[in-house]
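Visitor: Hi, I've just opened this one and could use a hand finding my way around. Can you walk me through it?

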Amino acid sequence: KQEVTQIPAALSVPEGENLVLNCSFTDSAIYNLQWFRQDPGKGLTSLLLIQSSQREQTSGRLNASLDKSSGRSTLYIAASQPGDSATYLCAVRPGKEYGNKLVFGAGTILRVKS
Amino acid sequence: ETGVTQTPRHLVMGMTNKKSLKCEQHLGHNAMYWYKQSAKKPLELMFVYSLEERVENNSVPSRFSPECPNSSHLFLHLHTLQPEDSALYLCASSQDSLDEQYFGPGTRLTVT
């Protein structure tokens, strides 16, 4: 059974810092991995999608890496801003044979202080 | 209106009520999903529809009944809910069942 763990559970940093959020998964046979952002009481916004054949994806100040063999992904946020404060969720799709199921981690709550 | 929309955004209902949640996607996608997000728990997939056919039912109690009349609309019919069903219910869609999923803003449900 695929399980996804995110560390740390919460993080508070001053504005301008570079930071790393971690995601680990127990079964390396994944189809893809997706990072989302969720603002309080709101839906999810997709940030980056990494296919199993890729090592990283970049969008603006965000960079996500994937090491499938070790079951890890990191989300790097450069020059953090107060507007980055949100919950960041990692989700894996455990392989085509598992169809439609995204398996989510519990999230990392990020607070960027001005 | 673009993206994935959900109505109502907030709902308070008694345990004996019947209500429905609505989701609409304006992206031309073929797959739609219902998720439940309870406090301090990971998102849980409830149902998946692909081309209007239910392809996944993740051991959800029968007091939750989904309906997908066409590829743009998805409903979740609720009846005789329990207080532990209080949660944020999120709808999502994707081009097909393995593609990137786009989420709606959610319906915050409180069962009293």
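**A walk through the model**

Guide: Let's start in a loop: Thr80(B) sits between β8 (73–79) and β9 of chain B. Keep in mind as we go that this is a predicted model.

Visitor: Okay. What is phi like at Thr80(B)?

Guide: Phi of Thr80(B) is near 45 degrees, a positive value in a residue other than glycine.

Visitor: And is Thr80(B) buried, partly exposed or exposed?

Guide: Thr80(B) has 42% relative accessibility, so it counts as partly exposed.

Visitor: What is chain A built from, helices or strands?

Guide: Strands: chain A has 11 of them and zero helices. From the N terminus on, the elements simply read β-β-β-β-β-β-β-β-β-β-β.

Visitor: How does the radius of gyration of chain A sit against the globule rule?

Guide: The radius of gyration is 14 Å, close to the 13 Å the rule gives for 114 residues, so chain A is as compact as a globular protein of that length. Along the principal axes, its C-alpha atoms fill a box of roughly 45 × 30 × 20 Å.

Visitor: How much of chain A is buried?

Guide: Buried residues make up 43% of the 114 residues in chain A. Chain A exposes about 5400 Å², with carbon and sulfur atoms supplying 48% of that.

Visitor: What about contacts across the sequence?

Guide: Take the contacts in chain A between residues at least 6 apart in sequence: 55% of them join residues at least 24 apart.

Visitor: Which hairpin in chain A has two residues between its strands?

Guide: That's the hairpin of β6(A) and β7(A), where Gly60(A) takes a positive phi near 60 degrees. Four bridges join β6 (residues 56–59) to β7 (residues 62–67) of chain A, and the two run antiparallel. Within that pairing, Ser59(A) stands opposite Leu62(A).

Visitor: Where are the cis peptide bonds you'd show me?

Guide: One joins Ile7(A) and Pro8(A), with omega about -5 degrees. Pro8(A) lies in the loop between β1 (4–7) and β2 (10–14) of chain A. Another joins Thr7(B) and Pro8(B), with omega about -10 degrees. Pro8(B) is in the loop between β1 and β2 (10–13) of chain B.

Visitor: Back to chain B, then. What is the strand order in its open sheet of four strands?

Guide: The order is β1-β3-β8-β7 (chain B), and the pairing is antiparallel. β1 (4–7) and β7 (64–70) of chain B each have a single partner strand, so they stand at the edges and one side of each is left without a neighbour in the sheet. Neighbouring strands of this sheet are turned by 20 degrees against each other on average, direction ignored.

Visitor: How many bridges hold β1(B) and β3 together?

Guide: Four, with β3 covering residues 18–25 of chain B. In this pair, Val4(B) stands opposite Gln25(B).

Visitor: How far is Gln25(B) from Leu98(B)?

Guide: Their C-alpha atoms are separated by 17 Å, and the two residues are 73 apart along the chain. Leu98(B) is in the loop between β9 (87–94) and β10 (102–103) of chain B. At 18% relative accessibility, Leu98(B) counts as buried, because the cut-off is under 20%.

Visitor: Last one: how confident is the predictor about chain A?

Guide: Its mean pLDDT is 93, and 96% of its residues reach 70 or more.

Technical notes
Residues numbered from 1 in each chain as written. Chains lettered and ligands numbered in written order. Predicted model: local features only at pLDDT ≥ 70, side-chain atom pairs only at ≥ 80, totals over all residues. Heavy atoms only, no water. Pairing = 2+ DSSP bridges. Axes fitted to C-alpha atoms, helices over the stretch in contact; angles between N-to-C directions. Buried < 20%, exposed > 50% of the residue type's maximum accessible area, 1.4 Å probe, protein only. Rg over C-alpha atoms; globule rule 2.2 N^0.38 Å. Contact = heavy atoms within 4.5 Å. Areas by Shrake-Rupley, 256 points an atom, 1.4 Å probe, with all protein chains shown as cover. pLDDT = per-residue confidence, 0-100.
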